[in-house]
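Work through the exercises below with the sequence and the model side by side. Try each task before reading its solution.

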Amino acid sequence: MNENEDLFPHSPDVFERETEDGGFSKGWGLHFQPSERYWIDCHNHASAKTGFMKAFNEWFDWAIGCRLAKAIIVDGHPKTLKNAFSGDPFSYDELSETIKDDKRMAFLYAPGVDTPDVEPLIDALKYGAKGLKLWSPTFIIEGRPYDEFEYPKWEAVFKVVNDKELPILWHVTQRMTKSPYTGGALHAYWSEGWKKGVKYTNEDLLQSFLRVARAYPKGHFIGAHQHYVGWDRLEQIFEEYPNTYIDTSVGCFVRWGDSMYPEDQKRIRDFFIKYSDRILFGTDTGIGKNAHQETLRLGLMGHIRFIRQLNLPYNDLQKIAHQNAERLFRLEPSSDVRMGNMRP
């Protein structure tokens, strides 16, 4: 075994060949690195207004070559998915039948900020929703209080989350700087909020989220885009709030042709190994409208590239790539029976 295996791990089968079949194939493929068996993308949007399934099938015709096994659609609300599947008014019956027959898709219930009603949530869960998606930037854009999800009107929803131990994918904060590396604009959402008198900060939004996470300890609270905070701050949050997680969308990205600098790779690698149970692969990809522009394909591949450049041990890689999503969203485990023996 390579003495630097901790830093430069190899696929487990490399070492199995040393003894299997009397060592007949020892040394064959000795350079093979750990590779993900599958990816589950926990953060996708239904961007099409009509013909979503056509776009979805086209997306998977290409993305399965990247080992994408399932996409979780985060727009599960009657208003946002009204015409996505058939052009007719949205129906949970239709969505349920689609998901039942298509193991590549799951969806989250997305109530928005003005639908704190339990009944639609219960209906969504009955028809197959795997959790919730919440989006706090609405408060910024509309000049509303940052802590509305702490209002009494939301208590019944979070009680269901707690009682059923549901996951919530939650876009909480929004960076203020530009992010030209990922195409992010300056003062996104904040410029609108400031016009309407918003005085609070990202820290206020984050603290509200953390209070909710603490109040409902059986829920699983997944911070989209790593809350736009650095690894040191995330480590503090993970240690203090054991029911919090992050997805890898937007921030965990390496552009085509780039390689991480060694010092950055080491810092991030250490974090991902230490907290491999708390990180879910996600991309924030919009499937449908413009879904097959090369930029969106590069988006999926850039998020995969980021994970691959960390050179993670095999077991940690599988957790982040698909197993954590399977566990938290209670998905059928990905397998060759479902997906086929994908090559390469």
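**Exercise 1. A strand pair**

Which residue in β3 is the bridge partner of Gly 76? Then describe the pairing and the surroundings of β3.

*Solution.* Keep in mind that the model is predicted.

- Step 1. The bridge partner of Gly 76 is Tyr 109.
- Step 2. Look at the pairing as a whole. β2 and β3 run in the parallel sense, with four bridges between them.
- Step 3. Check burial along β3, residues 105-109. A residue is buried when its relative accessible area is under 20%. Five of the five residues of β3 are buried, so the strand is largely enclosed by the rest of the structure.
- Step 4. Sort those residues by side. Met 105, Phe 107 and Tyr 109 sit on one side, Ala 106 and Leu 108 on the other. Both faces of β3 are therefore covered, since the residues on each are all buried.

**Exercise 2. The largest pocket**

Describe the largest pocket by its volume, its lining and the elements that supply this lining.

*Solution.* 

- Step 1. Start with the space. The volume of the largest pocket is about 1200 Å³.
- Step 2. Move to its lining, made of 40 residues. Nearest the centre lie His 43, His 45, Trp 135, Tyr 189 and Asp 284.
- Step 3. Trace the elements. At least two lining residues come from each of β1 (39-46), β2 (68-76), β4 (132-135), β9 (285-287) and α11 (294-308).
- Step 4. Pick out the main contributor. With five residues, α11 gives the most to this lining.

**Exercise 3. The cavities**

How many cavities of 30 Å³ or more does the structure hold?

*Solution.* 

- Step 1. The count is three.
- Step 2. Take the largest cavity, with about 50 Å³ of space. Its lining consists of Gln 33, Pro 34, Ile 307, Arg 308, Asn 311, Leu 312 and Leu 317.
- Step 3. Class that lining: four nonpolar, two polar and one charged.
- Step 4. Go to the second largest cavity, with about 40 Å³. Ser 136, Tyr 146, Phe 149, Trp 170, Val 172, Leu 205, Ser 208 and Phe 209 line this cavity.
- Step 5. Find the main contributor here. Helix α8 (residues 202-215) gives the most, with three residues.
- Step 6. Class this second lining: six nonpolar, two polar and no charged residues.

**Exercise 4. The whole chain**

What share of the 344 residues in the chain is buried?

*Solution.* 

- Step 1. Buried residues make up 51% of the chain.
- Step 2. Count the elements: 13 helices and nine strands.

Conventions: Residues are numbered from 1 along each chain as its sequence is written. This is a predicted model: local features need pLDDT of at least 70, side-chain atom pairs count only at pLDDT 80 or more; totals for chains, interfaces and linings use all residues. Side-chain values use heavy atoms; hydrogens and water are left out. On a 1 Å grid over the protein atoms alone, a cavity is a set of points where a 1.4 Å probe fits but cannot get out, and a pocket is an open set with protein on both sides within 12 Å along at least five of seven lines; lining residues have an atom within 4 Å of a point. Grid points are joined across faces, edges and corners, and a volume is the space filled by probe spheres set on the points. Ala, Val, Leu, Ile, Met, Phe, Trp, Tyr, Cys and Pro count as nonpolar, Asp, Glu, Lys and Arg as charged, and the others, Gly among them, as polar. Buried means under 20% relative accessible area, exposed over 50%, partly exposed in between (1.4 Å probe, protein chains only). Two strands pair if DSSP finds at least two bridges between them.
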